[in-house]
Amino acid sequence: MAERPGGERAGLRAGVLLLPALVGLGMFVIGPALVSAFIAGTDKRLTSPDFEWVGTTNLREALSDPALGTAVRNTLVYCLLTVIPAVVLGLLLALAAERVTRGRSFVRFALFLPVSANIVAMAVIFAYIFDRSPDGLANRLIGLVGFEPVNWLGDTSTALPVVALVGGWRLTSFVFVVYLAGLTAIPRSVYEAADVDGIRGLARLRHITLPLLAPTTVFLAVFVTVLTLQTFETVAVLTGGGPLDSSTTIIYYIYEVGFTGSFRIGYASMIALLLLVVVVLIGAAGALLGRRLRVAREVASQTAAVPPSGGRG
């Protein structure tokens, strides 16, 4: 067959365009990940250039570390307080925004703002809102109904919920944007056919909208869960992991172990490696579930498209 120089040139141009991205990926993602995986098997400290290979010692310590267990528990509670409410509220906001006719652009812009805001700056603002003094906005509001001021960020019973509130506020905006995109991708003809069949209101939501959004829901559940497992900025700004480690998450504990105190970067790398394994497993499970949902929907569509066979006279 004759060669196609035009196709080769196109491939060469694509390679040249991809080269900077691949170099950056190797230098700032793959390379550091490989170095971290190696350091996870050593007793490396940031304060010393010397280190020794310790094998699985860091792994055994991580599995029996009570402080890490506390961080894991806090992270799981944080996930429960943010993922489910964010997905539910984001869906409700997307459904409501889709039905808005007047001021639609303004409503969507306002709901998009939290996800576009700098999380550190927003955390600082929330720190003032939940200030423990009577002049804090949150304490002023509860004072209107007769409650005493609360040390929101200094109490073990309220610190983590407040941090989760800030994270959930931002995640809800992200979920809203994704669900809104999913809703706009549903063909209008599907709803028109449903109207002809008399399917309206909650029945249309249950039998048409939610099933068509199922792949989007799986993606959001997995992606938002992975994001919450990596929570750091809000904890660092609002509570610093306190009080009494009641709001320390896994990532913040990695920071404490590796970059403060003992500077045990080897042990911190092992914890990060374990977290990476968990994230990969969650992503794989989400991809498998999403694929099964897509296959089931395609099979259902093909079955519905087959006309019923008529009997012979």
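1. A quick word on naming before anything else: helices are DSSP runs of H or I with at least four residues, numbered from the N terminus. With that in hand, Asp245 sits in the loop between helix 11 and helix 12. Keep in mind that the whole thing is a predicted model.

2. On confidence, the protein chain has a mean pLDDT of 87, with 93% of its residues at 70 or more.

3. How exposed are Leu244 and Asp245? Leu244 has a relative accessibility of 78%, so it counts as exposed. Asp245 comes out at 38%, and is therefore partly exposed; the cut-off for exposed is over 50%.

4. Now helix 5, which covers residues 119–129. Which of its residues are buried? They are Ile119, Met122, Ala123 and Phe126. Looking down the helix axis, these buried residues fall within an arc of 105°, so they line one face of helix 5. Their packing partners are helix 7 (159–184) and helix 11 (233–238).

5. The N-terminal end of helix 5 has a cap, and Asn118 provides it. The pair to display is a side-chain oxygen of Asn118 and the backbone nitrogen of Val120, which lie 3.0 Å apart.

6. Where does the lining of the largest pocket come from? Helix 1 (5–39), helix 12 and helix 13 (265–305) each give at least two residues to it. Helix 13 has the largest share, with five residues. The pocket holds about 360 Å³ of space. If you want a selection to start from, the lining includes Ala33, Ser36, Gln230, Ile251, Ile254, Leu276 and Val279.

7. Thr225 is part of helix 10 (residues 214–229). A polar atom of the Thr225 side chain lies 2.5 Å from the backbone oxygen of Ala221. Setting aside residues up to four places away in sequence, Thr225 touches Cys79, Val83, Leu220 and Ile282.

8. Last one: Leu212, in helix 9 (residues 201–212). Is Leu212 buried, exposed or partly exposed? Its relative accessibility is 26%, so it counts as partly exposed; buried would need a value under 20%. Apart from neighbours within four places in sequence, Leu212 makes contact with Ile186, Val190 and Arg297. As for Val235, 23 residues separate it from Leu212 in sequence, and the C-alpha to C-alpha distance between the two is 36 Å.

Note on methods. Residues are numbered from 1 along each chain as its sequence is written. This is a predicted model: local features need pLDDT of at least 70, side-chain atom pairs count only at pLDDT 80 or more; totals for chains, interfaces and linings use all residues. Side-chain values use heavy atoms; hydrogens and water are left out. Buried means under 20% relative accessible area, exposed over 50%, partly exposed in between (1.4 Å probe, protein chains only). The arc is that of the directions from the helix axis to the C-beta atoms. Contact means heavy atoms within 4.5 Å. A polar contact is a pair of N or O atoms within 3.5 Å; within protein, one must be able to donate a hydrogen and the other to accept it, and residues adjacent in sequence count only if both atoms are side-chain atoms. pLDDT is the predictor's confidence in each residue, from 0 to 100. On a 1 Å grid over the protein atoms alone, a cavity is a set of points where a 1.4 Å probe fits but cannot get out, and a pocket is an open set with protein on both sides within 12 Å along at least five of seven lines; lining residues have an atom within 4 Å of a point. Grid points are joined across faces, edges and corners, and a volume is the space filled by probe spheres set on the points.
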